[in-house]
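I opened the model to look up its cavities, its ligand surroundings and its chains. My entries follow.

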Amino acid sequence: MGIPGKEKMWDKEEKEHRKYDDVRIFTDKDFNNYTEDELKAFKPKHATPMLDELEKGPWPSFVSDLKREALHRHKVGQDNLLIPMEAVDDLLGVVELSYKEGETHWKHGGIVGVLGYGGGVIGRYCDQQQMFPSVAHFHTIRVNQPGAKFYNTDFLRAFCDICEYRGSGITNMHGSTGDMVMLGSTTEQLEPIFFDLTHDLGNDIGGSGSNLRTPSDCIGPGRCEFACYDTLAMCYEMTMAFQDELHRPAFPYKFKFKFDGCPNGCVAAIARSDMAFIGTWKDDIRINQEAIQAYVADKIPRDGGGMAGANWGPFNIQEEIIDRCPTGCMTWDGKKLSINNPECSRCMHCINAMPEALRVGKDTGVSILFGAKAPILEGAQMSVLTVPFMYAKHPFESQQALARKVQDWWIEEGKNRERLGELIQRMGLKTLIEVLGIPAMPQMVKEPRSNPYVFFKESEVPGGWQRDIGDYRSRHPK
Amino acid sequence: MGREEDIRQAILDYGSKGAKTKFYFKDMLAGVKKTIPDTGASEVKGVASKMIAEGILEYFSTGSSTMYGVKGRGISVEKSGDAGG
Ligand code: SF4
Ligand code: SF4
């Protein structure tokens, strides 16, 4: 696992993956410890008439899952669990109360965590502790997901055992930043959970608070032919290089790295990260004209077969591809497809629709964008293309250096609880590129090809801003 | 005193004397810079991290952002704020 020659300690010591059987806490019998009839007859500790309504819809309900888990914990028994057996019963109770009153009964934050770490654990307490004593302390632990969320069943089972034994047994797979989230444990269990995660799973706690948040990446070259760089390797190396930022908070607010292997953006880097890495290419889209003919003759299904049930009728290359190219840079003469590559904005439409005929170029790297965020304090914001192209070679030192530069600027200039995107808005993109030492480029546009920023200082433009209108009109009549 | 000791003292002075018992890193840095103007974020962070490990300082989380505090000073649970994230 990991980068050759850079195996984690536990890989070196063990020489092989830790097997679930080596670290398992529960037996198979523990997992199958109730019947469906018992479930029907089961009455959780609190009546939940409002939550019960949610079980009546057409989709599986979290309420049904929680009731199963509540019964399961009763059958496992308090002797085999390290936090209150009735945690899930009380959780159902507190949620019901909140539905009834339209108010939350959680308070959060405070001083919980593992020693030396300033993130990854979010303290959560119930303000109705008399009524719901088993969730009086119900902390959330964010666990750093493996790259691209690739884990084997040994890892997943061991993780679930820890959640059950030292927590409520409830997980959120995955949180919106990508973490594997353990929902509900007590302060006393935090250090043991951390020990088990690091020693048994070779894993670590993720980020929260004013930290670097757990970096997240798409599946990239692990499975995807569109990957323009090794997202898994870059995410791993950046996670390792920025350990201090991940665990010891000194940022004005949260900071996210996300790695998308191509502009399809499967981890939504462009919309959800302060520093987004998006795979791209410099050369031409590769075209296989024979395969194009096969698509036109409907011998290969469009969109990799993804639209097979959509009743779209026969494939029409002019309407579906050429006319939908957002930059109008494609032509089809009935026999041959051509692309005016300098005008292509890498939207991926044509490649997604005809993946056997069109491929990303061979001269690949990353585009780097800054400043996206979700709408917590100010409104949602997309990121701004700042570095149109950079090669992405292991161990990604150029990317690390750029990240440090921007973080240093943000630490220096950012206000408390100001995201990087808000700082860029306040100080201007011009300031950002000056800080980064990047020249203004036509590719730095807010919306592709429509809204260029003006970057130049008057002193940089020959003749400054002054023009003789008469001279201009002599060459450009009205 | 050595430089690290100076920074430790400045952090402690800032953390123990102000009205606020929990403070943002940036404000602590500004406080330290008043007595040690030539220091910077990474140096102060390094010293503060050591003081956390030694149990002199502690982190205080509001869920979405993190503050520092001198251990034992002020409240230990956040009562309001934005819910996690
Ligand atoms: S972002 Fe691109 S490379 Fe990554 S998984 Fe999605 S389609 Fe593939
Ligand atoms: S990727 Fe998008 S912009 Fe580029 S040629 Fe294909 S459809 Fe046009």
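**Cavities**

I began with the second largest cavity, which has a volume of about 50 Å³. For the term cavity I used a 1 Å grid over the protein atoms alone: a set of points where a 1.4 Å probe fits but cannot get out, with lining residues having an atom within 4 Å of a point. Grid points are joined across faces, edges and corners, and a volume is the space filled by probe spheres set on the points.

The model is predicted: local features need pLDDT of at least 70, side-chain atom pairs count only at pLDDT 80 or more, and totals for chains, interfaces and linings use all residues. Residues are numbered from 1 along each chain as its sequence is written, chains are lettered from A and ligands numbered from 1 in the order in which they are written, and side-chain values use heavy atoms, with hydrogens and water left out.

Which residues line the second largest cavity? I found A250(A), F251(A), P252(A), I411(A) and N416(A), together with Y24(B), F25(B) and K26(B). By class I noted 6 nonpolar, 1 polar and 1 charged. Here Ala, Val, Leu, Ile, Met, Phe, Trp, Tyr, Cys and Pro count as nonpolar, Asp, Glu, Lys and Arg as charged, and the others, Gly among them, as polar.

I then counted cavities of 30 Å³ or more: the structure holds 4. The largest cavity holds about 100 Å³ of space. It has 16 lining residues, and the closest to its centre are C325(A), M330(A), C344(A), C347(A) and C350(A). The lining divides into 12 nonpolar, 3 polar and 1 charged. Helix α15 (residues 349-353) of chain A gives the largest share, 3 residues. Helices (H or I, at least four residues) and strands (E, at least two) are DSSP runs, numbered from the N terminus.

**Ligands**

What takes up the space of the largest cavity? I found ligand 2 there. A molecule sits in a cavity if more than half of its atoms lie within 2 Å of its grid points. Around ligand 2 I listed C325(A), P326(A), T327(A), C329(A), M330(A), I339(A), C344(A), S345(A), C347(A), M348(A) and C350(A). A residue is near a molecule if one of its heavy atoms lies within 4 Å of it. This shell has 9 nonpolar, 2 polar and no charged residues.

**P221(A)**

I found P221(A) in the loop between β7 (216-217) and α10 (231-241) of chain A. Is P221(A) buried, exposed or partly exposed? P221(A) is partly exposed, with a relative accessible area of 43%. Buried means under 20%, exposed over 50%, partly exposed in between (1.4 Å probe, protein chains only). Leaving aside neighbours within four places in sequence, P221(A) is in contact (heavy atoms within 4.5 Å) with A227(A), Y229(A), D230(A), T231(A) and L232(A).

**Chains**

Chain A has 19 helices and 15 strands. Its C-alpha trace spans about 90 × 60 × 55 Å along the principal axes. Of its 478 residues, 50% count as buried. Chain B has 3 helices and 3 strands, in the order α-β-α-α-β-β along the sequence. Of the 85 residues in chain B, 47% are buried.

Key. 1 Å grid on protein atoms, 1.4 Å probe; cavity = no way out; pocket = protein on both sides within 12 Å on 5 of 7 lines; lining within 4 Å.
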